[in-house]
Amino acid sequence: MRTLVHLSDLHFGRIDEAVIVPLIARIEAIAPDVVVVSGDLTQRARSSQFKAARGFLDLLPKPQVVVPGNHDIPLHNVFDRFVRPLDEYRRHITSDLEPEFVDASIAVLGVNTARSATIKDGRINERQIARLDTRMKALDPGVVRIIVTHHPFDLPASYGSGHLVGRAAKAMRVFAEHGVDLLLAGHLHASHAVHTAVRYRIGDYAALAVQAGTATSTRGRGETNSFNVIRIDAPRITVERFGWDEQKAIFACEESQLFERSAKGWSPKVD
């Protein structure tokens, strides 16, 4: 079995300081095999905010797979936004915008979907799709395949396609060819876990799309601070949502969903 902690939308520069120490303590107690951070480490891509995010990451278990979000690109400095959009991110977080972790059981592949030309939307381009195709061809057939982006490839049916990453449909066809199992994202500050067969009709293929809320930001958008714990024991995946209990000052498991893989892909397990 492999255990992933999935954090997103940290937004250093606009965080609730009260959650930081309990969050670190809870993640240490979980002892994950990998920590995933799906973008928006900062509120306004300022050097001081990246330094604070770096300090937080340094206190979390390793290894880590971290990708940028749209808030990690400068908004008001037009020169930096278009000429050196992720320089501060590279300087303080990681120079690798497509990080990965691969072992005998899982392959976690990061993709940068943040773009200078849009304020909040994201894109995956043709070159990135081709690189993912090459990366996945090199993987052992038995590993669980996990893609990490800031912007989502899929959401519950109540969300329109405008919330999805650009070129999602084309990327999903490549994911289907390689049997990608799990799509991790953030961006909306809302927690969801759905299978992709409702939105994408690609034969018998269905991946599991998991959204994380904001772990540390005060911009909860109606949802408490939270993060996901994903326990992978193929052909089963359990997604646990840990939410902030302000009265007890702890993160506690609020919901657990079990999914199972069959010949038609991933779907909720029915007893």
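Author: Welcome! Angles under 35 degrees count as roughly parallel, over 145 as roughly antiparallel, 65 to 115 as roughly perpendicular and the rest as oblique. This is a predicted model, so local features need pLDDT of at least 70 and side-chain atom pairs count only at pLDDT 80 or more, while totals for chains, interfaces and linings use all residues. Residues are numbered from 1 along each chain as its sequence is written, and side-chain values use heavy atoms, without hydrogens and water.

Reader: How are helix 5 and helix 6 oriented to each other?

Author: Helices (H or I, at least four residues) and strands (E, at least two) are DSSP runs numbered from the N terminus. Axes are lines fitted to C-alpha atoms, for helices over the stretch in contact, with angles from 0 to 180 degrees between N-to-C directions. Helix 5 (residues 126-137) and helix 6 (residues 168-178) have axes 10 Å apart, at an angle of about 5°. The two helices are therefore roughly parallel.

Reader: How many residues in the contact of helix 5 with helix 6 are charged?

Author: Contact means heavy atoms within 4.5 Å. Helix 5 brings residues including I129, L132 and D133, and helix 6 brings residues including K170, V174 and F175. Ala, Val, Leu, Ile, Met, Phe, Trp, Tyr, Cys and Pro count as nonpolar, Asp, Glu, Lys and Arg as charged, and the others, Gly among them, as polar. The contact divides into six nonpolar residues, one polar, and, as charged residues, five.

Reader: Which strands stand at the edges of the open sheet of six strands?

Author: Strands pair if DSSP finds at least two bridges between them. The strand order is 4-5-6-7-9-8, with mixed pairing. Each edge strand has a single partner, so one side of each is left without a neighbour in the sheet; these are strand 4 (100-102) and strand 8 (192-195).

Reader: In the parallel pair of strand 7 and strand 9, which residue stands opposite L184?

Author: Four bridges join strand 7 (residues 182-185) to strand 9 (residues 208-211). The residue of strand 9 opposite L184 is V210.
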